[in-house]
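Reader: I am new to protein structures and would like a close look at one part of this one. Please take it slowly.

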Amino acid sequence: MPPSRRPIIRAHLNRPAASGPDSCPEAVFDVLSEEQAEAAWAEITTWPGYAPTPLRALDALADRLGIAALHYKDEGERFGLGSFKALGGSYAVLRHAADWLAEWRPGESPSLASIREGAHAEALAGLTVVTATDGNHGRSVAWGARMAGCRCRIYIHAGVSEGRREAMAALDAEVVRIDGDYDDSVHLCAREAIANGWTIISDTSFDGYMEIPRTVMAGYTVMASEILDQLDRTGKAPPSHVFVQAGVGGLAAAVCARFWQRLGPKRPRFVVIEPEQAACCFESALGDRPATVTIETETVMAGLSCGEVSLLAWEVLARGVSDFLTIGDERVGPVMRLLAAGEAGGGPITAGESAVPGLIGLIGAAADETLARALGLAAESRVLVLGCEGATDPAIYRAMMVPGPDDPPALPAASGVRHDD
Ligand SMILES: Cc1ncc(COP(=O)(O)O)c(C=O)c1O
């Protein structure tokens, strides 16, 4: 097979740094405390329209791959926004609105519920939140701003689809499209925020900017808690492996931290998957420090097209993730169609482009005897993948449903974990 058609392009496995203490280390609690995860749960689960998203059992695919169980957390219907991102940016906007009010009215500490109910609408009309985005995070911020009753301005780059722009505009955000790339949109957002006294609600952290992305990650932990509760309620054991995709790493870090907090030494092995074109977590793992990569070509997995790992996320990933993989774009369409056709089990599933990398990583690992063994994938493995978005851009989704002449099969011919026994 030519290199670009291999399911897994690069693998960096068994990092010694992540085979450290079994129980959740203090450094991970410092990034995300149990109190922060519990506060996010207490707030978000009271929002109108809240319902746990389905945890689907992909039994047919588990059989094909020779593993005991495969669960797919289907975030397509999260709050009607189409992705798990609905949990993070929106929550951070509400929390910031509360802090902002408390700053202007010393002695008051308004509850998030009172903000959502419009009790502070007049004052909050003076707050503007901004962010730069590829789509899903911006949609969440716009929705949070609408709940809070504050103003919202979103910066998107030239490559963000029109469908994603419209979805944010429909939530009353003022959307500014610029000529450059993602980094240009981040820089313009930062410049204008400083000049105008607006607040940046970003899903990624950097030196001097940690608290808002921490709150965003706390919001994501609601999904991790739901998964553990869903498995528990149905009498199923926690997963042995989690295959999770990464952009800046916030999603992977939030799930890793929450599982570690709740499961301690019984936590699963975490495998992080990224597009080869934007492998900032992979490069960070290789060098054992936060890395930046230059994105030369855009991946079809739009939500993962990030060149710089989030510093806060890296604090967790460095300690909690032993394995990193990169994949190409080739199998994104085929695996989306496999799920749509219901061939994996669990019924027909609408999975967006950024929802399938975990599954592609698992399929590729299972097809490669050496990799499967190195990852400890075996007949008794119970794998969790995070289907973190649905058809967030319906036009792109429809296009991806049409097979291309050069598409590889969703499952490589050699698929199936082989065992020595
Ligand atoms: C659908 C989807 N999945 C995964 C990710 C990656 O999350 P993170 O950037 O926190 O790693 C994103 C990021 O925007 C996304 O939109």
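Which side chain meets that of Asp74 in a salt bridge?

Author: The model is a predicted one. In it, the side chain of Asp74 pairs with that of Arg56 in a salt bridge, at 2.9 Å from N to O. Asp74 sits in strand E3 (residues 69-74) and Arg56 in strand E2 (residues 55-57), so the bridge ties together parts that lie 18 residues apart in sequence. As background, side chains of opposite charge can pair when their charged atoms come close.

Next, consider how far each partner is covered. Buried means under 20% relative accessible area. Asp74 has 7% relative accessibility, so Asp74 counts as buried. Arg56, at 21%, counts as partly exposed.

Arg269 forms a salt bridge with Asp323, with 2.7 Å between the closest N and O atoms. That pair links distant parts of the chain, 54 residues apart: Arg269 is in strand E9 and Asp323 in strand E10 (residues 323-327). Asp323 is buried at 0% relative accessibility, while Arg269 is partly exposed at 22%.

The other is the salt bridge between Glu276 and Arg10, at 3.2 Å from N to O. Here the partners are 266 residues apart, with Arg10 in strand E1 (residues 10-12) and Glu276 in the loop between strand E9 (269-275) and helix H12 (280-287). Glu276 is partly exposed, at 28% relative accessibility, and Arg10 is partly exposed too, at 26%.

Terms used. Residues numbered from 1 in each chain as written. Predicted model: local features only at pLDDT ≥ 70, side-chain atom pairs only at ≥ 80, totals over all residues. Heavy atoms only, no water. Salt bridge = Lys/Arg side-chain N within 4 Å of Asp/Glu carboxyl O. Helix = DSSP H or I, 4+ residues; strand = E, 2+ residues; numbered from the N terminus. Buried < 20%, exposed > 50% of the residue type's maximum accessible area, 1.4 Å probe, protein only.
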